[in-house]
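These are my notebook entries on a single protein model. I record what I looked up, entry by entry.

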Amino acid sequence: MTDRTQRRTVRLTVAQAVVTYLSRQYSVADGHRRRLIPAALGIFGHGNVAGLGQALDQLSDRLPFVQGRNEQALVHIATAYGKAAKRHAALAVTASIGPGALNMVTGAGLATVNRLPVLLLPGDTYATRHQGPVLQQLQHPVEADASVNDVFRPVSRFFDRITRPEQLLTALPAAMRALTHVDTGAVVVSLPQDIQSHAYDYPAEFFAERDWPIRRPAPDADEVAAVARILAEAERPLIIAGGGVVHSGATEELEALADAAGIPVAETFAGKGAIQRRAWWQLGGIGLEGTPAVNALAREADFVLTVGSRLTDFATASHSIFQNPDVRFASINVNVNDAGRLGATGIVADAKRALAALTDTVRANGTTTPADWRQRVRALDEEWRERRAAALDPDTPFDFASLPDGSDVVRDTDAALSQGQLIGLLQEHARSGDTIIAAAGGPPGDLLKVWDATEGRFAHLEFGFSCMGYELPAAIGVRFAEPDPSKRVLSLLGDGTFLMAPTELVTAAQERLPVTIVIPENHGYQVIHRLQMMRSGREFGNEFRYRDGGLEIGSGKPARLEGDYLQVDLVRTAAGLGARAIRATTADEVRTALAETRDHDGPVVLVVPVIPHADLPGAGVWWDVAPAEVSEQEAVARLRGEYEAGLASQRWYG
């Protein structure tokens, strides 16, 4: 402590100051105060071990440290934690310089696209430059101050590089503001290797506990009234619930509006589970992987109210789903740009507060939907629920004759269940408080279409970035946010995703985290195989098959991946990484495995062979993925013609 400037100071390194500061920040939301940054995750290298590593060691009682295996996966853990914590808390992640730092960029993009808070503390190359180019440093021929960390700028909500110790005095508060902003994302504070270890006399009050409010922007009364007037004129209204409903904790308010006015509610991927009550107006997913019932209603709707969604091309079927020529749009969103999607009349406000205000106005006006619209909703939904039940029924043997390729597709598998039937078994097992996670490939689409996420069976679907490799670490992040082991945390991910990034199983085992990973083994990137068949008419490079004839690069000899399916032992792989691993083939074996492992005190991996190319019923919508305009393959020309016909369904809404 010094007193040279007539104020108390404390001499700390930059790294020690960062850790101390983070340990004393709190978020306040709805009267609840909690640690804003309760822990840090990381992998050490020469770019952060002597600085942040030393500080985290010295101050480990204030900021616990979690050791990881892959930097991208650690950011995914933090992102999933931020979502499960309703954006009221975030985790910090540190990495070394060069490749360690760059490994975090994909995770940063995912967090920012999904508006979820993560704090990234990558090391950076020396600020003093006395050393010349250091290990893993980028040498740009024109921009001498360029660093690989500059690639974080477009995928972050806030970026700063600390080149002097005193810059923390403004940088860290700015980072906290970004983390607690309604439009949050990845927050990056880049820390040059040498600067981390430099010391400075910081004002003692800088390290006092500080509260950061999670604000709920209030709706403008005129905007609410404008939307209420449009709703009162509508005869076939539809609500689309996005992730903003979940983030805001606005489920009760959305249910109240749907109930009061009799408006059916559809959900996006991020909004899955936004409705928790079972009611006639609770419909499920919309768009490319939505239900055919919801999509039929969307085509007929004359008014669409979107709450907390960016309305990506999956939700709107590339702007082709809303076919009523008189359709009008309104939107509730904290982001002014998203509030104006499709030329909508916007309410720029927090979803919880805006929905409450709109419901009050609707009740005062006595607004309700016509009986024929309600009857139409019920009829379409009941028809779909019968088809859904049949597709999920695990006890009725799968009809292999229904496959597009006949029975040849299962020549190398012992699969008896479809992925839909496996989901039916997971649904049967799910309890209130459980969370199911999916992110890329077939699982998130299937869950959006058929998963019942009501009555506390939560769904955590990351499809803003559709990032393979998110699902397994996300289970760890959700478990950190929900430590109650009686509430199962389960990730559903394909064998392609598992083979890409299985190593955080080691972290789950190290931390003794009860998470369950269910792998439907279908021998390939099958959802892309399906799209490939729809757009080019033949399989190429998406199934996991041995190469016929061997590869001789440069020889000109054709050798394609058209042999038998690869034989990869996923059970032994998972067991070797520390999980309790089980292979289950029949419905009863899956039931037994789920029941026997529910109380296991570490990671569980359940591998279930599923029938390739066995898809759930289609959504009945179009998607703008263009086949080749010129091709020597006859099938491609035909598919291009079908695609161009679909272009006629696209509309511009404003």
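Entry 1, strand E7. I looked up how far E7 (residues 118-124) is covered and found seven of its seven residues buried, so E7 is largely enclosed by the rest of the structure. I take buried as under 20% relative accessible area, exposed as over 50% and partly exposed as in between, with a 1.4 Å probe and protein chains only. Helices (H or I, at least four residues) and strands (E, at least two) are DSSP runs, numbered from the N terminus. The model is predicted: I use local features only at pLDDT of at least 70 and side-chain atom pairs only at pLDDT 80 or more, while totals for chains, interfaces and linings use all residues. Residues are numbered from 1 along each chain as its sequence is written, and side-chain values use heavy atoms, with hydrogens and water left out.

I then listed the two faces of E7. Val 118, Leu 120, Pro 122 and Asp 124 are buried on one side, and Leu 119, Leu 121 and Gly 123 are buried on the other. In a regular strand the side chains alternate between the two faces of the sheet.

Entry 2, the neighbours of E7. I count two strands as paired if DSSP finds at least two bridges between them. Strand E9 (residues 186-192) runs parallel to E7, and five bridges join the two. Within this pairing I noted Asp 124 opposite Pro 192 of E9. Strand E6 also runs parallel to E7, through four bridges. Here Ala 92 has Leu 119 as its bridge partner, and Val 93 stands opposite Leu 120.

Entry 3, strand E6. Which residues cover the two faces of E6 (residues 92-95)? I found Ala 92 and Thr 94 on one side and Val 93 and Ala 95 on the other, all of them buried. E6 also pairs with strand E4 (residues 40-42), parallel and with three bridges. Gly 42 stands opposite Thr 94 in that pairing.

Val 10 belongs to strand E1 (residues 9-13). Is Val 10 buried or exposed? Val 10 counts as buried because its relative accessibility is 19%. I also checked Val 10 against Leu 191: the two are 181 residues apart along the chain, and their C-alpha atoms are separated by 20 Å. Helix H1 spans residues 14-22 and is mostly covered, with nine of its nine residues buried. Among them are Val 14, Gln 16, Thr 20 and Tyr 21.

I counted 16 aromatic pairs in the structure. One of them is Tyr 202 with Phe 206, which is stacked at 6.3 Å centre to centre and 15° between the planes. Rings of Phe, Tyr and Trp (its six-membered ring) pair if their centres lie within 6.5 Å; planes under 30 degrees apart count as stacked, over 60 as edge-to-face and the rest as tilted. Tyr 202 is buried because its relative accessible area is 0%; Phe 206 is buried too, at 12%.

I require NZ of Lys or CZ of Arg within 6 Å of the ring centre and within 35 degrees of the ring normal. The charged end of Arg 33 sits over the ring of Tyr 26, at 3.7 Å from its centre. Arg 545 lies over the face of Tyr 565, 4.0 Å from the ring centre.

In H21 (residues 526-535) I found Gln 526, His 529, Leu 531, Gln 532 and Arg 535 buried. Helix H24 (634-647) is included in what covers these buried residues.

The protein chain has 24 helices and 23 strands. Of its 654 residues, 58% count as buried. Its radius of gyration is 26 Å, which agrees with the value near 26 Å that a compact globule of 654 residues would have. I take that radius over C-alpha atoms, and the globule rule is 2.2 Å times the number of residues to the power 0.38. Along its principal axes the C-alpha trace spans about 80 × 75 × 55 Å. Among contacts (heavy atoms within 4.5 Å) with a separation of 6 or more, 77% join residues 24 or more positions apart.
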